[in-house]
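Colleague: I've got this model open and I'd like to learn how to read its side-chain features. Could you walk me through some of them?

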Amino acid sequence: MVETSDSYQVMKYARTFLKVFLVCSPLLSFSQNFIDISVEMVEKLKQGQSVSGLQQQLANADESRLLDALDSDDKKLAFWVNVYNANIIAMLSENPERYNNRGDFFGEQRITIAGKKLSFDDIEHGGVDLIH
């Protein structure tokens with residue numbers, strides 16, 4: 001009888017752990033998700049693929065989750081360098097003439113991250129500090 005009771009308790013704890021894990025696991029890897037999206041943007045562009053879906057994901061990202069996710073200088077740097085480079089490549093691939101007026105190209109707020117419009121200058125000189 002003790003074995004059955006112990007087995008029951010083990011199974012009960014295992015089910016509880018699994019439920020907690022399934023609920024929390026997306027939160028545990030959430031910071032990496034933003035970085036993964038930024039890396040995927042660069043990789044897709046290297047292959048000549050569209051990144052509009054990924055850009056939309058970043059545009060619609062929850063601001064507080066982004067801030068929480070980019071909780072170290074290394075994470076901020078990785079994310080913002082990839083976002084910056086990927087968006088430059090995407091925009092110049094669509095219309096290389098945009099670069100003719102460099103001031104407008106870098107100064108115009110045309111990149112949306114977590115609902116905020118940013119320019120390349122904004123990203124270069126502040127990035128995540130501008131989102132809040």
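Colleague: Let's start with phenylalanine 120: is it buried or exposed?

Modeller: Keep in mind that this is a predicted model. The cut-off for buried is under 20% relative accessible area. Phenylalanine 120 comes out at 0% relative accessibility, so it counts as buried.

Colleague: And how do I read the rings around it?

Modeller: A pair of aromatic rings is described by the distance of the centres and the angle of the planes. Searching the whole structure turns up eight aromatic pairs. In one of them, phenylalanine 105 and phenylalanine 120 have ring centres 5.1 Å apart and planes at 25°, so that pair is stacked.

Colleague: Where do those two sit in the chain?

Modeller: Phenylalanine 105 is in helix 6, while phenylalanine 120 is in helix 7, which covers residues 120-124. They are 15 residues apart, and the pair links distant parts of the chain. Both phenylalanine 105 and phenylalanine 120 are buried.

Colleague: What kind of pair do phenylalanine 106 and phenylalanine 120 make?

Modeller: Here the centres of the phenylalanine 106 and phenylalanine 120 rings are 6.1 Å apart and the planes are at 70°, so this one is edge-to-face. Phenylalanine 106 lies in helix 6 and phenylalanine 120 in helix 7, so the pair ties together parts 14 residues apart in sequence. Phenylalanine 106 has 18% relative accessibility, so it counts as buried.

Colleague: Which residues do the ring pairs link into a cluster?

Modeller: The cluster consists of Tyr84, Tyr99, Phe105, Phe106 and Phe120, linked by ring pairs.

Colleague: On to charges, then. What's the general idea?

Modeller: Side chains of opposite charge can pair when their charged atoms come close. For this structure, the whole search gives four salt bridges. Take glutamate 43 and lysine 46: they form a salt bridge whose closest N and O atoms are 3.5 Å apart.

Colleague: How many residues separate glutamate 43 and lysine 46 in helix 2?

Modeller: Three, so about one helical turn separates glutamate 43 from lysine 46 in helix 2, residues 30-46. Glutamate 43 is partly exposed at 35% relative accessibility, whereas lysine 46, at 62%, counts as exposed.

Colleague: What distance goes with the salt bridge between aspartate 71 and lysine 75?

Modeller: The closest N and O atoms of aspartate 71 and lysine 75 are 3.0 Å apart. Aspartate 71 is exposed, with a relative accessible area of 54%, and lysine 75 is partly exposed at 23%.

Colleague: Which residue forms a salt bridge with arginine 110?

Modeller: Glutamate 108 does, and the closest N and O atoms of the two are 3.7 Å apart. Glutamate 108 is partly exposed, with a relative accessible area of 43%. Arginine 110 has a relative accessibility of 19%, so it counts as buried.

Colleague: Where is arginine 110 found?

Modeller: In the loop that runs between helix 6 (102-107) and strand 1 (111-113).

Colleague: What else does the arginine 110 side chain reach?

Modeller: It reaches the backbone oxygen of aspartate 104, at 3.2 Å. Leaving out residues up to four places away in sequence, arginine 110 touches Met91, Arg98, Asp104, Phe105, Lys117 and Leu118.

Conventions: Residues numbered from 1 in each chain as written. Predicted model: local features only at pLDDT ≥ 70, side-chain atom pairs only at ≥ 80, totals over all residues. Heavy atoms only, no water. Helix = DSSP H or I, 4+ residues; strand = E, 2+ residues; numbered from the N terminus. Polar contact = N/O pair within 3.5 Å; in protein donor to acceptor, adjacent residues only side chain to side chain. Contact = heavy atoms within 4.5 Å. Phe/Tyr/Trp six-rings, centres within 6.5 Å; stacked < 30°, edge-to-face > 60°. Buried < 20%, exposed > 50% of the residue type's maximum accessible area, 1.4 Å probe, protein only. Salt bridge = Lys/Arg side-chain N within 4 Å of Asp/Glu carboxyl O.
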